[in-house]
Number of protein chains: 2
Amino acid sequence: MSDRVVRVEDTIEKLLAEKKYPVLKEVLRTMNGADVAAVFNELDPVVLPLLFRVLPKDTAADCFVEMEPEAQEKLIKGLSDTELREIVNDLFVDDAADIVEEMPATVVKRILAQADPQMRKEINEVLKYPENSAGSIMTTEFVALKPEMTIRDALNVIRKTGVDKETIYTCYVTEKGVLIGFVSVKDLILAPSDDIQIRTLMTENVISVGVKEDQEQVAEMFKKYNFLAMPVVDSENRMVGIITVDDVMDVMEDETTEDMQIMAGMMPSDKVYLRSKPVELFKSRIPWLLILMISSTFTSLIIDKFEAALAAQVVLTAFIPMLMGTGGNSGSQSSVTVIRAISLGEVEWGDLPAIIWKEGRTAFLCGLALAGACFIKLMLLDGLLLGNDGVNAKVALVVSLAMLFTVILAKSIGCILPMVAKKLNFDPAVMASPFITTIVDALSLLVYFGIASAILF
Amino acid sequence: MSDRVVRVEDTIEKLLAEKKYPVLKEVLRTMNGADVAAVFNELDPVVLPLLFRVLPKDTAADCFVEMEPEAQEKLIKGLSDTELREIVNDLFVDDAADIVEEMPATVVKRILAQADPQMRKEINEVLKYPENSAGSIMTTEFVALKPEMTIRDALNVIRKTGVDKETIYTCYVTEKGVLIGFVSVKDLILAPSDDIQIRTLMTENVISVGVKEDQEQVAEMFKKYNFLAMPVVDSENRMVGIITVDDVMDVMEDETTEDMQIMAGMMPSDKVYLRSKPVELFKSRIPWLLILMISSTFTSLIIDKFEAALAAQVVLTAFIPMLMGTGGNSGSQSSVTVIRAISLGEVEWGDLPAIIWKEGRTAFLCGLALAGACFIKLMLLDGLLLGNDGVNAKVALVVSLAMLFTVILAKSIGCILPMVAKKLNFDPAVMASPFITTIVDALSLLVYFGIASAILF
């Protein structure tokens, strides 16, 4: 048994080398645009224009949008102006704007030169909104209906203009540009008669987002309301575009990546990992590493202050990493739990007492279990089995008690800090592991030496 | 200026107390089902049946699905059998199955008793698939067309059955139950004539998922192909249901939560945070805390072994937390980056050399910057400013060198372990901060004491 998989790339490359274009055409015809794009990203860019020309028209458009910027750029360079014009004017406005944002200036110039005047205007419209705003992810193509139309009129409008619109399934009813309602195609099809007026059929209670709204907020609304598309309006409630659910899934993915990066003490970056240069990774990682390293001066100071005690009972040093580690892990658990609950909208500032009460009891349970396990581990594993003669019941008691209080402290801080950050309009994700760990490190030492002083000296 | 916001809950409660039902009805009529659900979750459950009865029918169904299980349960208990029957048979099958899974046995019995025989059969169908499988999130309601139908026939089928189907926008073409193609409603509406046969209009190249496929995989496919719905087939390619994009967004959210929980060293739980009991939180958190605490025995052993050296140069102890902390943070950055790249499908096993080369260079840059900063910090801040007289150029050199090597080690381990975990079919997310930190703690001590022995003694 071999687990070798024949990849379609290999087949395509061979067919290409043998110039079997009719076969190639048939092979590509069976594939979805996104799959073809994945193959194109892997191939030598030189062959892309040739392959692109044998793609069915629909697949070609889907494929182009899904390709990576590097491959897109090389493909564009290999296409004639006429071919480029056809592709560009076939794109949805939001996709075209995304591509323009990724390309170098010379390519952007060529793309905009080939775009129809209307297309060029709409691309520029979308490009003017700040990154991460609703405006920047919307498309300006949507089906607009008038309230006085009948269902028959509406279906004709859809038929006439629908091929160019990113989604036709929700149509928006406007009066002098102002959004006053919506009808779904389902409503149109299921209606008992074609003569009914849109005004009577439409839902007036329409939920929209402002063009400057944060995209994360937009994603929340899609999740809450289960929409396929959502209208975007300006400050006068005039409709300027729609956001579709496929773009929202990309936003959700980007926001998750960003959260995870921040939670691991990095500056967020939306670049694909394998395309990020070491120097870019360095820049996104070094700030927090430096800040956290310098703040560990506190822990050094504390150890320095208790130098004499440590010299007298060197065995105490051996358990510093265990205490700090367990404290850090306990605190991270609480902070990550609360950070996630905040970003899911499950908790708000008023829930703080409930959170502290819940985490406090959890911390007490965890602390008791860990302190008990710690006492047994020190006496049996470190003392008896590994023969560390510094360990006796008194030392084990000090470490275990320190463990109990460290865990309780760590979990309390872990749940409070993200809530405070949110209240102060900081990103709660900053309060994840690295930050909590640094604070807990210092506190756990204070607790440890405090208890040691009381019991041992 | 006051930032007090009048919440609609308060308004509704007041209107309710004053028994102003007609006004209440008007207020609720302006609201979306999901918004009403959010209000219902906050209100005293006693008033829910009363409020529910004044809701418009459509809003009532949407609202019921979006309510939290606790509120749903209490509402159901307050409804008559007739009212319950109406709601249950109005639900989509996948939503009904979700609700049944959350309810206690007595409530389930009542729900199933009120369901139509067909509904009951379909709920049971969905319930029999394992959790997290495509089958468990699908709905069995979809529009099935025959290839020999004309567009006119197809639209009639949609009109006749469409009101009950979760999405009508993609219709699936089956022959003896086997999926052979699909048509979108867009295709139907935009077609030049109503007499065209579905067979000629349909796309044959249809992408489907197996009923046992993992839901995470399904979400990946939605993101890749930008679908609104996806057909689910059995092993003989017979169509059994569809998955819609709104359910996929919930899956994405759940999977992100699960990843974050695992990355913070917790057992995943899909329970809402504020509804989790401390004992449940304890159970999900204690296993990793215990495992990681006990594995810190290695660090204790290492410190124990170098006890004599530490007693001679107590100043070295003061910088153990800084080294470990920075090492842990550096390692987490790499591991979280790689874990995320794995889950986005950006890297696979064959990329390991490229990843190590990228992380190696990044680590070298970070290590150099941190070592330099560390040397300056020790000499100026700890030595001169804070007057720690144990710190001299030799000690600062030892700590800085240890810093350089620790960072390089930490980042290498941080990027390799998630890849190895993935290769061995473990969840890479396990290899995040807590796990990496524990390994890096031990290694950084070995490096530290090794360098100290070479330079100081």
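In strand β5 of chain B, B:V233 is the bridge partner of B:G210. The model described here is predicted. Its β5(B) strand belongs to an open sheet of chain B, and the two chains, A and B, can be superposed by a rotation of 180°.

**The sheet in chain B**
- Three strands make up this open sheet, in the order β4-β5-β6, with mixed pairing.
- The edges are formed by β4 (209-210) and β6 (239-244) of chain B, each of which pairs on one side only.
- Strand β5 of chain B covers residues 229-233 and is joined to β4(B) by 2 bridges, the two strands running parallel.

**The relation between the chains**
- Chain B is superposed on chain A by a rotation of 180° with 0.1 Å of shift along the axis, giving an RMSD of 0.2 Å.
- The two copies are therefore related as by a two-fold rotation axis.
- B:A311 comes closest to this axis among the residues of chain B, with its C-alpha at 2.8 Å.
- The copies meet through the same surface, because 100% of the interface residues of chain B are also interface residues in chain A.

**A nonpolar surface patch**
- A:F298, A:L301, B:I376, B:M379, B:L380, B:L384, B:L385 and B:L386 make a nonpolar surface patch of about 810 Å².
- Two elements give two or more residues to the patch: α18 (297-305) of chain A and α21 (352-385) of chain B.
- The largest share, 5 residues, comes from α21(B).
- B:L386 lies in the loop between α21 and α22 (393-423) of chain B.
- With a relative accessible area of 37%, B:L386 is partly exposed.

Conventions. Residues are numbered from 1 along each chain as its sequence is written. Chains are lettered from A and ligands numbered from 1 in the order in which they are written. This is a predicted model: local features need pLDDT of at least 70, side-chain atom pairs count only at pLDDT 80 or more; totals for chains, interfaces and linings use all residues. Side-chain values use heavy atoms; hydrogens and water are left out. Patches are made of residues with over 30% relative accessible area and no salt bridge: like charges are joined within 9 Å, nonpolar side chains (Val, Leu, Ile, Met, Phe, Trp, Tyr) within 5 Å. Accessible areas come from the Shrake-Rupley method with a 1.4 Å probe; for residues, only the protein chains shown count as cover. A salt bridge is a side-chain nitrogen of Lys or Arg within 4 Å of a carboxyl oxygen of Asp or Glu. Helices (H or I, at least four residues) and strands (E, at least two) are DSSP runs, numbered from the N terminus. Buried means under 20% relative accessible area, exposed over 50%, partly exposed in between (1.4 Å probe, protein chains only). Copies are superposed by least squares on the C-alpha atoms of residues with pLDDT of at least 70 in both. Contact means heavy atoms within 4.5 Å. Two strands pair if DSSP finds at least two bridges between them.
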